Amino acid sequence: MRKRYKLVAVLAAIVMLAAACGNDTSDDNAGVDNGSAEGGDSGADGGGDGGDTGGDAGDEGDGGGGEAVDQTQGGDLTFNMITHSDDGPFWSVVKRGAEAAAADVGVTLIWNPGNNDPQVMVQDIEAAIAAGTDGIAASLPDPDALTGPLQRAVEAGIPVYTLNSGVDFYKEIGATTHIGQTEVVAGNGAGERFNAAGAQHVLCVFQEEANIGLNERCQGLEETFDGDVTVAFGGLDTDQTAQENTINAILAEDESIDAVLGTGPVIAISALRASQAVGRDAMIGGFDITPEIIDAIEAGDIAFTVDQQQYLQGYLPVILMYLEVTNQNTAGGGLPVLTGPGFVTPDNAAEVKALVAAGTR
């Protein structure tokens, strides 16, 4: 009876989540189909903007590198979520979603933030395997470093799900499915919006040099945008002053740039400040959601941000791992489970803002 009760609770949780997320954040999706199952383009969080880092060295099953989230319904399953999370607004929402799912189904969740260091993630994967984890959900910003360790987890009989980044590689790993958005498609949608606004030259500026998904966001932009595209590394989110100075210098050097796409929410704000500093009335687009970027969209200073619904990227892997372990259910049918892209614009920013304040968007 206990297992049946939990399964009913899980299904009820999914129904409530679907109802809560029923309002599409895309005003028109710029021709991008949120429900399509396009599996060719790799996803990454783009911002790596970061959940809470660290954790107690004695946390159960985490090899000393993660933070155990207390269960609320009992149970003896432990899942590890191993990501390139750093200290910022994006990953805190992913973590909140994972915590909510763990509470809903009564499992222990070990949160392992890699702080944009693939080697830390490798160590956390190996520690989770050694500890006998019941499931691993992992982002894949650096496939060369992470594919092998995750394949070893699959070989050990551990269910593996990729999230946020890794859509091009989850099948190679043997993961059950991928939860996230396809980054090239997201970049395609951004390019179409810049076309519609009449932009002529877009600077696509990214914040992590080793993150394949950020490159794909710029690649997608280049595929659909009719004008010129300049791609540049703008510096890490941990030093916004440096980001602003770098973007400022690029804008000052090339006066033809009339639009900027920041591949994360922090760098999009840096792009806004840099363009204002040089007196450039540039159209600004971004990726992901933070209170600051929503305020800027609501004020009309930023045109849009691409929403990949990161709460779902934390919530769904835990639910799906639980269902696979306890009921042999799998999702995706060989295709990724897409959480985006959608678009937040001045038309719907106010509706999303309240959810951002609540910490679920």
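This report covers a sheet, its helices, some aromatic rings and one more helix.

## Ground rules

This is a predicted model, in which local features need pLDDT of at least 70, side-chain atom pairs count only at pLDDT 80 or more, and totals for chains, interfaces and linings use all residues. Residues are numbered from 1 along each chain as its sequence is written, and side-chain values use heavy atoms, without hydrogens and water.

## The open sheet

Helices (H or I, at least four residues) and strands (E, at least two) are DSSP runs, numbered from the N terminus. Strands of a sheet pair through backbone hydrogen bonds, either parallel or antiparallel. Here, two strands pair if DSSP finds at least two bridges between them.

Six strands make an open sheet with mixed pairing, in the order E8-E7-E9-E10-E11-E13. Its edge strands are E8 (228–233) and E13 (342–344), and each pairs on one side only. On average, neighbouring strands are turned by 20° against each other, direction ignored. Strand E7 (residues 201–206) runs parallel to E8, and six bridges join them. Leu203 has Thr230 in E8 as its bridge partner.

## Helices on the sheet

Contact means heavy atoms within 4.5 Å. Axes are lines fitted to C-alpha atoms, for helices over the stretch in contact, and angles run from 0 to 180 degrees between N-to-C directions.

Helix H6 (residues 183–197) packs on the sheet and touches E7, E9 (259–262), E10 (283–287), E11 (304–307) and E13. The direction of H6 makes about 165° with that of E10. Helix H8 (residues 240–253) lies across E7, E8 and E9, at about 160° to E7.

## Aromatic rings

Rings of Phe, Tyr and Trp (its six-membered ring) pair if their centres lie within 6.5 Å; planes under 30 degrees apart are stacked, over 60 edge-to-face, and the rest tilted. The structure holds six aromatic pairs. One of them, Phe90 and Trp91, is edge-to-face, with 5.3 Å centre to centre and 80° between the planes.

Buried means under 20% relative accessible area, exposed over 50%, and partly exposed in between (1.4 Å probe, protein chains only). Phe90 counts as buried because its relative accessibility is 0%. Trp91 is buried too, at 0%. Elsewhere, ring pairs link Phe194, Phe225, Phe304 and Phe343 into a cluster.

## Helix H3

Helix H3 (residues 118–131) has 14 residues. From first C-alpha to last it reaches 20 Å, close to the expected 20 Å. The expected span is 1.5 Å times one less than the number of residues.

The buried residues of H3 include Met121, Val122, Ile125 and Ala128. Among the elements covering the buried residues are strands E2 (78–83), E3 (108–113) and E4 (135–138), and helix H4 (143–155).
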